[in-house]
Amino acid sequence: MIAYHEDKKVDFKKLIELFNGVGWTDKTQDIQRLKQMVENSQILVTAWDKGEMVGFARCITDYVFNGQINNVVVDAQYRNRGVGRSLVSRILASSSGVTYILRGDPENEDFYKALGFEETERAYIYKRKT
């Protein structure tokens, strides 16, 4: 049975493995930055099976108007079992008045739309230099 934690309980070795597995290697090069990313996230949900972290999602929010969901990732062996849906749903349930945006990979478009997210053309990105 999958257990969910919202207390910033993170296995950083497994997080690096999960991120690298989906090509997010830019986030795993510097463990200190990765730890700061976790610490500075207002909402963080992890999924665990028998003591092993199998899913991760985080959110930056003001808890009133806006929230941005990032880095939703599930171990390949646990995909299509509702783990990703539960991670995102727990974030969405944290503040009912918040409008959330989500940065997601195009290949996961159907998953996000099934959760109620709508595609928009009104977004701008400023890419970091480092």
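Leaving aside neighbours within four places in sequence, Asn70 is in contact with Ala57, Arg58, Ile60 and Arg103, where contact means heavy atoms within 4.5 Å. Asn70 belongs to strand E4 and is buried, with a relative accessible area of 6%; buried here denotes under 20% relative accessible area, exposed over 50%, and partly exposed the range in between, computed with a 1.4 Å probe on protein chains only. The model is a predicted one, in which local features need pLDDT of at least 70 and side-chain atom pairs count only at pLDDT 80 or more, whereas totals for chains, interfaces and linings use all residues. Residues are numbered from 1 along each chain as its sequence is written, and side-chain values use heavy atoms, with hydrogens and water left out.

Strand E4 is part of an open sheet of 5 strands, arranged in the order E1-E2-E3-E4-E5 with mixed pairing. Strand E1 (2–5) and strand E5 (99–102) stand at the edges with a single partner strand each, so that one side of each is left without a neighbour in the sheet. From one strand to the next, the twist averages 20°. Helices (H or I, at least four residues) and strands (E, at least two) are DSSP runs numbered from the N terminus, and two strands are taken to pair if DSSP finds at least two bridges between them. In general, strands of a sheet pair through backbone hydrogen bonds, either parallel or antiparallel.

Strand E3 (residues 52–61) pairs with strand E4 (residues 66–74) in the antiparallel sense over 6 bridges; along this pairing, Cys59 stands opposite Ile69, and Thr61 stands opposite Gly67. The pairing of E2 with E3 is likewise antiparallel, over 7 bridges, and it places Thr46 with Phe56 of E3 as its bridge partner. Strand E3 is mostly covered, 8 of its 10 residues being buried.

Helix H1 (residues 12–21) lies across E3 and E4, and runs at about 80° to E3, the axes being lines fitted to C-alpha atoms, for helices over the stretch in contact, and the angles running from 0 to 180 degrees between N-to-C directions. Helix H3 (residues 83–92) lies across E1, strand E2 (43–49), E3, E4 and E5, and runs at about 160° to E4. The buried residues of H3 are Val83, Gly84, Leu87, Val88 and Ile91. Viewed down the axis of H3, these buried residues fall within an arc of 130°, and they therefore line one face of the helix, the arc being that of the directions from the helix axis to the C-beta atoms. They pack against E1, E2, E3, E4 and E5, as well as against helix H4 (109–114).

Most residues other than glycine have a negative phi. In the hairpin of E2 and E3, which has 2 residues between the strands, Lys50 takes a positive phi near 50°. In the hairpin of E3 and E4, with 4 residues between the strands, Tyr63 takes a positive phi near 65°; Tyr63 is partly exposed, with a relative accessible area of 41%. Lys8, found in the loop between E1 and H1, has a phi near 60°, a positive value in a residue other than glycine, and is partly exposed, with a relative accessible area of 29%.
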